[in-house]
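Visitor: I'm new to this one, and I'd like a close look at a single part. Could you take me through the sheet and whatever packs against it or ties into it?

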Amino acid sequence: MYQKLLSLAFAGLASVSAANAAQINVDELANKVEPDVIKWRHHFHEFPELSNREFKTAEYVADYLESLGLEVQTGVAKTGVVAILDSGKPGPVVALRADMDGLPVKEQNDLSYRSKQMGEYNGKEVPVMHACGHDTHMAMLMGAAKILTEIKGDLKGKVKFIFQPAEEGAPAGEKGGAEVMVAEGVLKNPDVDAIFGLHINANTDVGKVRYNAGGTMAAVDPFKIVIHGKQAHGAYPWKSVDPVVTAAQMIMSIQTIVSRELKLIDDAAVVSIGSIHGGNRSNIIPNKVEMVGTIRTLNEAARDHIYESLPRKVKAIAESMGAEAELTLPLDYYYPITYNDPELTKAMLPTMQRTAGVENTLLSKPVTGAEDFSFFQEQIPGLYVWVGGKPLDVSEEDSPAHHTPEFNVDDEGMKLGVKLLTNFTLDYMAQH
């Protein structure tokens, strides 16, 4: 019903998009570039690099963009690449973004282009894999860049292609990703009017696109709690101030922030403890316990409430146990809510429906995963969608999850992504 109402409300925009499509056969152009897109994806997959270390990846991308005759800037946010396509005619500035980094995961797929690369992560040598699909994101954006360059004469305005490093998070002690790109002015000179991004999804069928207006992916707030107690022999607990028991009470109490304090029928939220460390022997009550966790929220009200409640609970429980506690919130980074501008989403719905088909354009519920694309959306209207990468003959239950050694997606899913990036650009320019 929601999709139907939006379609009716924006019938005029759909007619503009259809007229635009009549002049430019994006399907034919996408078919033509598809072999290159697959070749690029296989190269990136075979030679992944970790966050803020995408040196060879960036060089490969920059060389291709320069071969298209684009104005290319390298070294943005350390390893990022930005290219500008100028139609020479007045119009809006549209940005298209792809992320570039791999993950410290050892690939277990039997592919001719599987990764055998190694890298350094937090001082340790680790295997590296594109276990989240960033290889496909780069290939799709390069495909869109090729098409848009070929039809430059039909464009009105400028296109800024953003290849972003460190979406998965910069190494310890470093900064990176979209936040740094924004700080360095990637959305300026020329000033971007709207930005589009997409993510391949291993649980969505090839040929389908999922979208949502408003809060789409969660804000992320990592935190750390250090509890200071008094060490004692495990046989004489009354001589201690036990930080282990204190930590246990904190963990259980923290869960009630979501289950008893937030109105979950409006938006989901998560407070999870992911790591707890304390002590080294069975018969010694330690003097300190450290915990780290994550907060995920889909609206600012929920985030504000957790920011008020968590310190209150940590302080009160520590005092009740005779211990002391230090809370660091956020710990080392923060991602805002990935917020799809409602008006931009409505305006681009006809584009998605025309490109993928009405039956393949699916309204999706928000998820508690996170994306630093949100830093761009804090500054300008943005739209972030999911593109299907699951082969049609594989069930959702059997499709490997993102960030796992078995992760893989079907090359055939990338063509829809190329067409969406292209049509988002064309239709936004036509509407503005």
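Guide: Here is a walk along the sheet, then over to the helices, the core and the salt bridges around it. Keep in mind that this is a predicted model.

Let's start with the layout. The sheet is open and has eight strands, in the order 1-2-6-3-7-18-8-17, with mixed pairing. Strand 1 (71-76) and strand 17 (361-363) are the edge strands, each pairing on one side only. On average, neighbouring strands in this sheet are turned by 25° against each other, direction ignored. At the strand 1 end, strand 1 pairs with strand 2 (residues 80-86) in the antiparallel sense, over five bridges.

Helix 5 (residues 134-150) lies across strand 2, strand 3 (93-99), strand 6 (158-164) and strand 7 (194-205), and runs at about 150° to strand 3. Helix 9 (residues 342-356) packs on the sheet as well, touching strand 7, strand 8 (209-211), strand 17 and strand 18 (382-390). The direction of helix 9 makes about 25° with that of strand 18.

Helix 5 has another partner, helix 3: their axes come within 8 Å and cross at roughly 145°. That crossing is right-handed. Among the residues making the contact are Val-33, Val-37, Trp-40 and Phe-44 of helix 3, along with Met-138, Met-142 and Ile-147 of helix 5.

What about the greasy side of things? In soluble globular proteins, nonpolar side chains tend to be buried together. Here the largest nonpolar core has 68 residues, and Leu-65, Leu-96, Leu-148, Phe-161, Phe-163, Phe-196 and Met-352 are those with the most contacts inside it. Take Leu-96: setting aside neighbours within four places in sequence, Leu-96 is in contact with residues including Leu-141, Leu-148, Phe-161, Phe-196 and Leu-421.

Side chains of opposite charge can pair when their charged atoms come close. The count comes to 22 salt bridges, and a few are worth a visit.

One of them joins Arg-97 to Glu-371, with the closest N and O atoms 3.0 Å apart. This pair links distant parts of the chain: Arg-97 sits in strand 3, while Glu-371 is in the loop between strand 17 and helix 10 (374-377), 274 residues apart. Arg-97 is buried, and so is Glu-371. These two also belong to a network of salt bridges that links Arg-97, Asp-99, Glu-371 and Asp-372.

Another runs between two strands of the sheet. The side chains of Lys-390 and Asp-205 meet in a salt bridge at 2.6 Å, N to O. Lys-390 is in strand 18 and Asp-205 in strand 7, 185 residues apart. Buried means under 20% relative accessible area, so Lys-390, at 5%, counts as buried. Asp-205 is partly exposed, with a relative accessible area of 24%.

Last stop: Lys-419 and Asp-27, whose closest N and O atoms are 3.3 Å apart in their salt bridge. Lys-419 lies in helix 11 (residues 414-431) and Asp-27 in helix 3 (residues 26-46), so this pair ties together parts that are 392 residues apart in sequence. Lys-419 counts as buried at 13% relative accessibility, whereas Asp-27, at 43%, counts as partly exposed.

Conventions:
Residues numbered from 1 in each chain as written. Predicted model: local features only at pLDDT ≥ 70, side-chain atom pairs only at ≥ 80, totals over all residues. Heavy atoms only, no water. Pairing = 2+ DSSP bridges. Helix = DSSP H or I, 4+ residues; strand = E, 2+ residues; numbered from the N terminus. Axes fitted to C-alpha atoms, helices over the stretch in contact; angles between N-to-C directions. Contact = heavy atoms within 4.5 Å. Core = buried A, V, L, I, M, F, W, Y, C linked by side-chain atoms within 4.5 Å. Buried < 20%, exposed > 50% of the residue type's maximum accessible area, 1.4 Å probe, protein only. Salt bridge = Lys/Arg side-chain N within 4 Å of Asp/Glu carboxyl O. Left-handed = near helix turned anticlockwise from the far one by under 90°.
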